[in-house]
Amino acid sequence: MNRRRFLGVSAASALAGLVGSTRWASANAAIDLQPLAQPDILSLIGPEAVRKIGLRYRALVPAENDVRALHAAILTARPWPPTIAALVEQDFAVGRTIVLQGWVLSVTEARQSALLSFLSD
């Protein structure tokens with residue numbers, strides 16, 4: 001089974017496992033990050049590895065080491081129709097990838113991982 005197919009099959013289980021545990025909202029930022037902080041790789045490598053990837057991305061890209069900046073970066077880059085899966089596919093198609101913790105990820109997946117890392121801080 002290739003990575004794309006595996007991720008497609010396992011994405012639903014990742015969402016189900018994290019519902020309720022990754023919602024982040026405060027008086028300072030009333031943004032529901034749960035839908036965006038769910039990279040497909042979550043079910044493949046687990047939340048701790050994804051958190052480490054997110055922390056590494058935040059260190060490498062200081063301009064996006066902020067919840068609002070990451071949120072805006074993901075939403076600004078979304079194609080129409082606005083799906084994260086389409087954006088990840090587009091990232092790979094045009095070579096918009098990054099290697100973090102030994103994984104080749106789309107920039108969108110890296111940003112999603114960074115958002116997830118904020119939720120566990």
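The model is a prediction, so a few ground rules come with it: local features need pLDDT of at least 70, side-chain atom pairs count only at pLDDT 80 or more, and totals for chains, interfaces and linings use all residues. Residues are numbered from 1 along each chain as its sequence is written, and side-chain values use heavy atoms, with hydrogens and water left out.

Confidence comes up as pLDDT, the predictor's score for each residue on a scale from 0 to 100. The mean pLDDT of the protein is 78, and 69% of its residues reach 70 or more. Residues 5-30 are another matter: pLDDT stays under 50 there, and the model has 35 contacts beyond four places in sequence for this stretch. Contact here means heavy atoms within 4.5 Å.

In terms of secondary structure, the protein has 6 helices and 2 strands, laid out along the sequence as α-α-α-α-α-β-β-α. These elements are DSSP runs numbered from the N terminus, with helices being H or I over at least four residues and strands being E over at least two. Of the 121 residues, 40% count as buried; that label means under 20% relative accessible area, while exposed means over 50% and partly exposed falls in between (1.4 Å probe, protein chains only). Among contacts between residues at least 6 apart in sequence, 63% join residues at least 24 apart.

The expected span is 1.5 Å times one less than the number of residues. Its buried residues are Val50, Ile53, Gly54, Tyr57 and Arg58. They cover an arc of only 135° around the axis, so they sit on the same side of α3; the arc is that of the directions from the helix axis to the C-beta atoms. The partners that these buried residues pack against are α2 (42-45), α4 (67-77), β1 (97-100), β2 (103-106) and α6. Pro47 also belongs to α3. Leaving aside neighbours within four places in sequence, Pro47 is in contact with Leu42 and Leu116. Pro47 and Leu116 are 69 residues apart in sequence, yet their C-alpha atoms are 8.4 Å apart in space.

The two strands form a hairpin with 2 residues between them, and Gln101 takes a positive phi near 55° in it. β1 and β2 pair in the antiparallel sense over 4 bridges, where pairing requires that DSSP find at least two bridges between the strands. Val99 stands opposite Val104 in β2.

Helix α6 has 13 residues and reaches 19 Å from its first C-alpha to its last, close to the 18 Å expected at 1.5 Å a residue. This helix is mostly covered, with 13 of its 13 residues buried. Glu109 lies in α6 (residues 107-119) and is buried, with a relative accessible area of 2%. A polar atom of the Glu109 side chain lies 2.9 Å from the backbone nitrogen of Ser106.

Over in helix α5 (residues 84-93) is Leu87, which counts as buried at 0% relative accessibility. Leu87 and Ala77 are 10 residues apart along the chain, and their C-alpha atoms are separated by 7.5 Å.

Notes. A polar contact is a pair of N or O atoms within 3.5 Å; within protein, one must be able to donate a hydrogen and the other to accept it, and residues adjacent in sequence count only if both atoms are side-chain atoms.
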